[in-house]
Amino acid sequence: MNRRLFPATLLVSAGAIGYELLLMRVLSIVQWHHFAYMIISLALLGYGASGTCIALFRRQLEARFEAAFAVSALLFSITMVLCFVLGQRVPFNALEVVWDSRQFLNLSLLYLVFFVPFFFAAACIGLALTCRRGAISRIYCFDLLGAGLGAVLIVGALFVFIPQHALMVLVALPLVASVIMSVRCAARKPLIGMQLLWLALLLVGMPQDQLELRVSPYKGLSQALQVIDSRVLNESSSPLGMLTVVASPTVPVRHAPGLSFTTRHIPPEQLAVFTDADSMSAITRFDGDLDSLGYLGDTTAALPYSLLDEPDVLVLGAGGGSDVLLALYHGARRIDAVELNPQMTALVRESHAEFAGFVYDDPRVSVHTQEARGFVAQSDAQYDLIHIGLLDSFGASGAGVQTLNESYLYTVEAIGDYLEHTAPGGLLAITRWLKLPPRDSLKLVATAIDALRHAGVSEPGTQLVVIRNWNTSTLLVKNGAFTPDDIASIRKFSQSRSFDTAWFPGIELSDANRFNLLDEAYLYSGTRALLGEHADNFIERYKFDIRPATDNQPYFFHFFKWATLAEVFALRKVGGAALIEWSYLILIATLLQAAITGLVLILLPLALVERRWPAGTGVRMGAYFLLLGLAFLFIEMAFIQKFILFLSHPLYAVAVVLSGFLVFAGVGSALSEPLARKLEARGQSAVVCAAGAIALLTLIYTFLLPWVFRWGIGYADGVKIALSIALIAPLAVAMGMPFPLGLKRVAETAPDFIPWAWGINGFASVMSAVLATLLAIEFGFTFVLMLALILYAIAATLLRH
């Protein structure tokens, strides 16, 4: 029996984690990135609610275990497709959340639609743990192994297939599990009939148009397709993003952020490239005539070139090549262009190479497919200019949809790394969209000031310059003080293009806010305050969160302050909606919905179950599994973030860390019973030893990992992945032990409590996924790790008694 149960459990678990990651990818395309947190929560909510259902109907289900498992696996397979389709038809518009309360109802509906598949997946695992108590540690082992393999599978599948076709790969996994478990069950004939019917529908009867992704009409791609005669030239997808190339022969794309109103140049025809239906980059038509690129010299991003002669340039975030053309136009001697997504590079170098003038084949240009921080850390080169252009869309930036996006590109440590790679007198140039009142512009200045002070610069204001126009601002940070000649060149550049100087050494109020007039010189006064003695007080009093971003709190785009909420919320219907970082509010709403829904679907129904266990067991063991659910995910999510820097690739970090934790936690589960027997023979507690190992390893890693990362970041990707797995394995093995050990104790003393344990642990996991993010935003990932250790310590104390 178990020989069939174990592989079936593995397949269901692989399908569940794969579906979870797929939905995260899909919602990043059709909505925005932060919905990933909602998906994690609702997935785990399904796990918790399944425990409730099993507790309520345990006797009936136990008598028909194989059939119940097979039916649940089949329903999981079916609802994966149905809910994928239905979820995109819920009329949820995230941009209306701040003024239309009905959107919270739509969000709840979306939440519950995607909850259904995970309920059936979790029912399979919960049934196995409840009805086959003698094999708890091995069932949990195969559950975790399957989840780890599923994470690797979906990442690989998304490199080969578009999301809709990757869905079909995942759908097959629980279907096979259902077939495995129905082979010898009493209801195998009707089950086989339903399985064959579903298979036939998948092969020949599934209307492919029903699976098409329905992108929000408020994303950049949807708006671009409203232009006359616009059409999609090509589309490609990978785990790094869906790239869509759009053109219109009637109304050509003209994308030139930061362009002066006084320019005499017209941008050439362009192709718009959207990443995940937003974050537009442009591929510019180039025939080799540099004069056709004259418009680039009239953007704020061109400022550093007025101070440099034939510079060596590093472009971070090359995208469609506009910043590379900017460097070529200004006579750069050598250009290293770094782009994370190889498909973006292929569009410029291959698919539209002739249109782009073969710019990436220019002998002065070297293109590197890598994450920006990783490339800088591995490079020994010194540059006259490190250029970071606009990597997001104006609409996304202004709407507050990036609040939850972690970005290691704009942290104190990142700016310190960049400056170390600039030659003496070299420049770091960063261009951002201008929002009013200023948010990211001032936060970037605060971060640069902190980086300079960490580098021992006593007067950081002498190494900073800020200019702006009507929609962008550009920050220059110099490796050394700006000279009077530099300042004269900056003033000449700005005045000739009607750009406003917001800061340079020696600036006066009369030098600011002269051309693109605002109510007051916000950037000038803000930068002066940040450089003054009372900078901390200014940051505290400012309407938005402009504290410097760090690698421990890499939420550069988080500007939300609770103290400002009432004021800006009152303005939401009179143009103030853009002042609200609404994605943060979505996260809060997700936490509240998860708490309420978890209470209704998990804890309250469990109270109806007849409690047949020793007095005190319910509270003590309930608290134990609650704490485990919180602590496990706290550590897992914090380590994913920490490894992004080392692996130089967010995709590698998710795939390696997630699968590593799950697979080796499965190994820990398999080892837990024999280890527990040996320790108990010596009078020691296996849970206490596991919690001690978790605490010791986490503390060591907290202090050791930064050194390991600096030492090993220059190695090849394969070596870094192997080293990451080696580091993760011991901690994950220890983390895989407390849950099966607790379930084993429950199985021996109070078997009726097993569904409770499953449900309570699921409820805690629902909360922890969102709570970990909120805590990381406010206090940093190190705080989240330390809190997890406290929770593990309390849990170990509860089980010891």
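Me: Before anything else, what does contact mean here?
Reply: Contact means heavy atoms within 4.5 Å. The model is a predicted one.

Me: OK. Leaving aside neighbours within four places in sequence, which residues is Ile 635 in contact with?
Reply: Ile 635 is in contact with Phe 661, Ile 694, Thr 698, Leu 731, Met 735, Leu 785, Ala 788, Leu 789 and Tyr 792.

Me: And which residues have the most contacts inside the largest nonpolar core?
Reply: Ile 635 is one of them, along with Tyr 19, Phe 625, Phe 639 and Phe 643. That core has 174 residues. Helix H21, residues 617–647, gives the most to it, with 20 residues. Domain 1 (1–214) and domain 4 (610–801) each supply at least three residues.

Me: What is in the second core?
Reply: The second core is separate and has 100 residues, among them Ala 247, Ala 301, Leu 303 and Leu 347.

Me: Switching to the sheet. What is the strand order?
Reply: S7-S6-S5-S8-S9-S11-S10-S12, eight strands in an open sheet with mixed pairing.

Me: Why is one side of S7 and of S12 left without a neighbour in the sheet?
Reply: Strands S7 (365–369) and S12 (500–503) are at the edges and have a single partner strand each, so one side of each has no neighbour in the sheet. From one strand to the next, the twist averages 20°.

Me: How do S9 and S11 pair?
Reply: S9 (422–433) and S11 (472–478) are antiparallel, over seven bridges. Arg 432 stands opposite Ser 473 in S11.

Me: Which strands does H15 touch?
Reply: H15 (440–454) packs on the sheet and touches S9, S10 and S11, with its direction at about 5° to that of S11. Helix H11 (342–351) lies across S6 and S7, at about 150° to S7.

Conventions. Residues are numbered from 1 along each chain as its sequence is written. This is a predicted model: local features need pLDDT of at least 70, side-chain atom pairs count only at pLDDT 80 or more; totals for chains, interfaces and linings use all residues. Side-chain values use heavy atoms; hydrogens and water are left out. A nonpolar core is a set of buried Ala, Val, Leu, Ile, Met, Phe, Trp, Tyr and Cys residues joined through side-chain atoms within 4.5 Å. Buried means under 20% relative accessible area, exposed over 50%, partly exposed in between (1.4 Å probe, protein chains only). Helices (H or I, at least four residues) and strands (E, at least two) are DSSP runs, numbered from the N terminus. Domain bounds come from an automatic or database domain assignment. Two strands pair if DSSP finds at least two bridges between them. Axes are lines fitted to C-alpha atoms, for helices over the stretch in contact, and angles run from 0 to 180 degrees between N-to-C directions.
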